[in-house]
Amino acid sequence: MSAHLPDLRRLRHFVAVAEAGSFTSAAATLHLSQQALSSSVRQLEKELAAALFVRVGRRVALTRAGDLLLEEGRTLLAAARTLAQHVERTATGAEENYVVGHTPALSGSEVYEIMESTIEEFAETSFTFRQLYPDQLTDGVLDGTVQLGLRRGVVPTNVLSTAVVGYHRVRLAVPATHRLATRDVVDIRDLAHERLALWAPPGSSYYSDFLLSACRRAGFEPDYVVSRVQGSATVTAPLTTGAIAFVTAPAGSVMGGRVAVIDLEPELLVGAQAMWQRHTSSAVRDALLAQS
């Protein structure tokens with residue numbers, strides 16, 4: 001078995017070819033000659049004692065070993081970039097700005113509640129909260145522009161490290177004129193003939209899948225509409241859809257009295273999942289996980 005460690009420059013060349021599906025396109029992107037790029041990838045294959053590509057016409061496809069290297073290689077390159085940034089910041093004495101990205105399903109106030117103790121512990125560190133859609137959030141964590149990602153639901157992934165850092169109670173947001181608006185508590189089975197508002201269609205959002213699964217466990221197939229206004233607070237969905245939205249806001253009147261947030265029974269809790277680059281260390285992250 002090979003004991004060689006992959007050269008990061010050659011690994012970057014391999015990833016470029018794998019993503020482009022062509023040595024010609026990758027060479028242009030990397031500003032290298034095709035001959036130099038081919039030589040670099042061949043040397044990487046020699047170091048790892050594995051064939052990484054097979055020819056398919058004018059393009060290339062990954063072998064099983066290539067698939068594995070692409071997945072793990074992206075993560076390793078991201079960690080290397082993060083390490084270089086940390087070293088440079090430490091050497092220059094630059095102030096750390098810890099960027100926490102979160103999906104729209106988590107409000108800024110909920111993110112602050114999750115991070116509050118850690119923010120207090122690291123009084124010399126600046127923190128920035130940034131709302132991003134799920135695919136942007138994953139990309140941001142991978143490329144190091146986001147140090148910590150927070151999202152709704154517990155999403156399996158082989159690319160990032162993850163942990164559940166809290167749970168929030170799910171409630172209902174209904175238009176103030178709705179027949180259920182005067183109730184203190186609504187049984188989930190009472191939603192059987194109601195239209196529900198989601199932020200993303202099922203299959204593209206684990207949070208949407210989680211909510212619809214709760215309805216199915218209650219014995220009915222939910223009727224839903226996807227909100228046409230994205231990125232706003234979840235309690236606004238009833239105003240633009242006329243439908244009932246699942247929210248994690250406190251019970252009570254919101255949006256100037258136009259929306260009522262009501263407790264849901266049986267109690268339904270949804271997790272907040274943190275995600276970060278594998279192969280990296282962070283005292284801030286360690287503190288957050290220790291408190292969770």
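This is a predicted model: local features need pLDDT of at least 70, side-chain atom pairs count only at pLDDT 80 or more; totals for chains, interfaces and linings use all residues.
The five strands under discussion form an open sheet of mixed pairing, in the order E4-E3-E5-E14-E6. Its edges are strand E4 (126-131) and strand E6 (161-169), each of which pairs on one side only. From one strand to the next, the twist averages 25 degrees.

Within the sheet, strand E3 (residues 97-102) and strand E5 (residues 148-152) are joined in the parallel sense over three bridges. A handy landmark for this pair is His 102, which stands opposite Leu 150 in E5. Helix H6 (residues 134-143) also packs on the sheet, where it touches E3, E5 and strand E14 (269-276). The direction of H6 makes about 155 degrees with that of E5.

The N-terminal end of H1 is capped by Asp 7, with a side-chain oxygen 2.9 Å from the backbone nitrogen of Arg 9. After H1 comes Gly 21, with a positive phi near 75 degrees.

Which residues of H1 are buried? They are Arg 10, Leu 11, His 13, Phe 14, Val 15, Ala 16, Val 17 and Ala 18. The cover over these buried residues includes helix H2 (23-30), helix H3 (34-48) and helix H4 (64-92), together with strand E1 (53-56) and strand E2 (59-62).

The largest nonpolar core holds 24 residues, of which Val 170, Leu 172, Val 174, Leu 191, Ile 244, Phe 246 and Leu 264 touch the most other members. At least two residues of this core come from each of strand E7 (171-175), strand E9 (195-198), helix H7 (206-217), strand E11 (244-247) and strand E13 (259-265). H7 gives the most, with five residues. With neighbours within four places in sequence left aside, Val 170 is in contact with Leu 211, Phe 246, Val 247, Thr 248, Leu 264, Leu 268 and Val 270.

A second, separate core has 19 residues, including Val 15, Ala 26, Leu 30 and Leu 70. Val 15 brings the account back to H1, as one of the buried residues of that helix.

Notes
Residues are numbered from 1 along each chain as its sequence is written. Side-chain values use heavy atoms; hydrogens and water are left out. Two strands pair if DSSP finds at least two bridges between them. Helices (H or I, at least four residues) and strands (E, at least two) are DSSP runs, numbered from the N terminus. Axes are lines fitted to C-alpha atoms, for helices over the stretch in contact, and angles run from 0 to 180 degrees between N-to-C directions. Contact means heavy atoms within 4.5 Å. Buried means under 20% relative accessible area, exposed over 50%, partly exposed in between (1.4 Å probe, protein chains only). A polar contact is a pair of N or O atoms within 3.5 Å; within protein, one must be able to donate a hydrogen and the other to accept it, and residues adjacent in sequence count only if both atoms are side-chain atoms. A nonpolar core is a set of buried Ala, Val, Leu, Ile, Met, Phe, Trp, Tyr and Cys residues joined through side-chain atoms within 4.5 Å.
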